[in-house]
Amino acid sequence: MALRLNRQLMAVYSYILVWGGTMLAMQLGIFSYDTPHKPLFASLLVFNAIVFALIRSGASKIFSDPSLTIAQMLSAITLVTALLHYAEEMRGAMISIYFMVMTFGVFALDRTKMIVMSAVVIVAFTGLIVYEFIYSPKLMVFSLAVGQWMILLLGLIWFVFVGGYIHNLQQRIREQRESLRDNHSRLEESHTQLHAAMEKLAEIAVRDSLTGLYNRRHFIERLEEAIAIANRSREPFYLALIDLDHFKQVNDLHGHQVGDEILVRFSTLARQTLRRSDVLARYGGEEFIVLFPDGGREGITEVLERLRESFAAMSHDDLVPGLKVTLSAGLAGWRPEDNSDSLTRRADDRLYAAKHQGRNRLQAS
């Protein structure tokens with residue numbers, strides 16, 4: 001819209017300039033004293049004000065050419081033709097104003113439309129010559145009129161050729177710009193897809209595919225970090241190993257699909273029961289591991305007991321009628337001499353003790 005409005009203002013400036021030149025020519029006697037310059041230019045400026053309003057309001061977008069280039073050129077051709085009638089000795093020079101009008105269409109019209117507008121100019125000037133030949137033949141120099149007509153025709157042919165070349169060049173530039181924009185959009189889309197894929201890969205690298213919990217490798221990294229922090233701060237933390245009781249029998253009797261669903265249900269329950277700061281991971285098979293980075297032994301024991309009781313009470317009748325699964329857990333607290341292996345081994349010893357004592361229980365050291 002800004003480009004269209006600027007072109008419209010350029011046209012108005014051109015008309016005002018020609019109007020000033022016309023009035024000066026009348027004062028110098030170059031133009032006929034009875035040239036009706038006021039109604040001609042006033043009507044043209046009113047027309048351009050209407051065009052400006054249509055473009056500025058966006059109403060011109062309903063047309064195939066929102067700039068209304070052809071309508072503006074037709075009005076300008078009409079003005080120039082009328083001025084040429086009063087130009088007298090200056091007609092040869094004034095013909096060049098036709099080319100100013102054609103310049104206005106060079107950047108907006110294709111070659112076919114430029115040919116049509118050139119034909120309109122030739123018809124208008126030919127009509128002027130015929131009119132003057134009929135009504136004032138004595139004042140007319142036929143050879144001069146024919147010479148002016150030929151010069152105008154040659155100039156218009158040049159404008160059609162150059163205008164078509166410029167239009168094709170603009171079209172190629174526009175297509176290249178659109179192609180670059182499309183390529184940029186595709187690159188952005190590819191970047192987004194790549195970013196999503198990288199995030200997915202990063203998630204796969206740290207998550208268990210079945211339960212969505214952290215995997216063993218990532219948990220060990222978190223455990224090593226917790227040990228490093230504890231070595232500096234001397235603040236204890238706790239580690240728990242959890243194993244689902246008789247889980248092999250669930251797989252053997254009811255199939256791995258039922259077993260996988262039990263693992264998923266436990267994972268969901270554990271996420272809901274454990275605290276936000278606790279780190280839960282699938283350690284392998286039906287075994288899970290939990291890092292409790294803060295809190296006392298009594299509070300952590302209460303959390304684990306609540307998880308054990310909730311899981312034991314969970315119904316799996318929709319999978320297998322009457323199926324119940326329990327868990328056993330071993331809890332160990334960090335000691336200054338511990339590393340990840342020794343701490344995990346002590347938690348595993350407590351888990352083994354819980355199973356040895358009848359399962360569905362928690363043992364802590």
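Is F99 buried or exposed in this model? With a relative accessibility of 18%, F99 counts as buried, where buried means under 20% relative accessible area, exposed over 50% and partly exposed in between (1.4 Å probe, protein chains only). The model is a predicted one, in which local features need pLDDT of at least 70 and side-chain atom pairs count only at pLDDT 80 or more, while totals for chains, interfaces and linings use all residues. Residues are numbered from 1 along each chain as its sequence is written, and side-chain values use heavy atoms, with hydrogens and water left out.

F99 belongs to helix α5; helices (H or I, at least four residues) and strands (E, at least two) are DSSP runs, numbered from the N terminus. Not counting residues up to four places away in sequence, F99 touches I151, L152, G155, L156 and F159, contact being heavy atoms within 4.5 Å. Y135, by comparison, is 36 residues from F99 in sequence and 27 Å away in space, C-alpha to C-alpha.

We can now turn to the cores. In soluble globular proteins, nonpolar side chains tend to be buried together. A nonpolar core is here a set of buried Ala, Val, Leu, Ile, Met, Phe, Trp, Tyr and Cys residues joined through side-chain atoms within 4.5 Å. The largest one has 37 residues, and L84, Y98, M102, F125 and L152 have the most contacts inside it. Two or more residues each come from α1 (2-28), α2 (37-57), α3 (69-86), α5 (96-106), α6 (111-135) and α7 (142-206), and α6 gives the most, with eight residues. Beyond its neighbours within four places in sequence, Y98 is in contact with I77, V80, T81, L84, V121, A124, F125 and L152. Another core, of 30 residues, lies apart from this one and has I242, V258, L280 and L362 among its members.

Helix α2 also holds L54, which at 30% relative accessibility counts as partly exposed. Leaving aside neighbours within four places in sequence, L54 is in contact with A59, S60 and L68.

Next come the aromatic rings. A pair of aromatic rings is described by the distance of the centres and the angle of the planes. Rings of Phe, Tyr and Trp (its six-membered ring) pair if their centres lie within 6.5 Å, with planes under 30 degrees apart counted as stacked, over 60 as edge-to-face and the rest as tilted. The structure holds five such pairs. In one of them, the ring centres of F237 and W334 are 6.2 Å apart and the planes stand at 20°, so the pair is stacked. This pair links distant parts of the chain, 97 residues apart: F237 sits in the loop between α8 (216-233) and β1 (238-244), and W334 in the loop between β4 (327-333) and α12 (340-356). F237 is buried at 2% relative accessible area, and W334 is buried at 8%.

F266 and F288 form a tilted pair, 4.6 Å centre to centre with 50° between the planes. F266 lies in helix α10 and F288 in strand β3 (residues 287-292), so the pair ties together parts that are 22 residues apart in sequence. F266 is buried at 0% relative accessibility, and F288 is likewise buried at 0%. Together with F311, F266 and F288 form one aromatic cluster.
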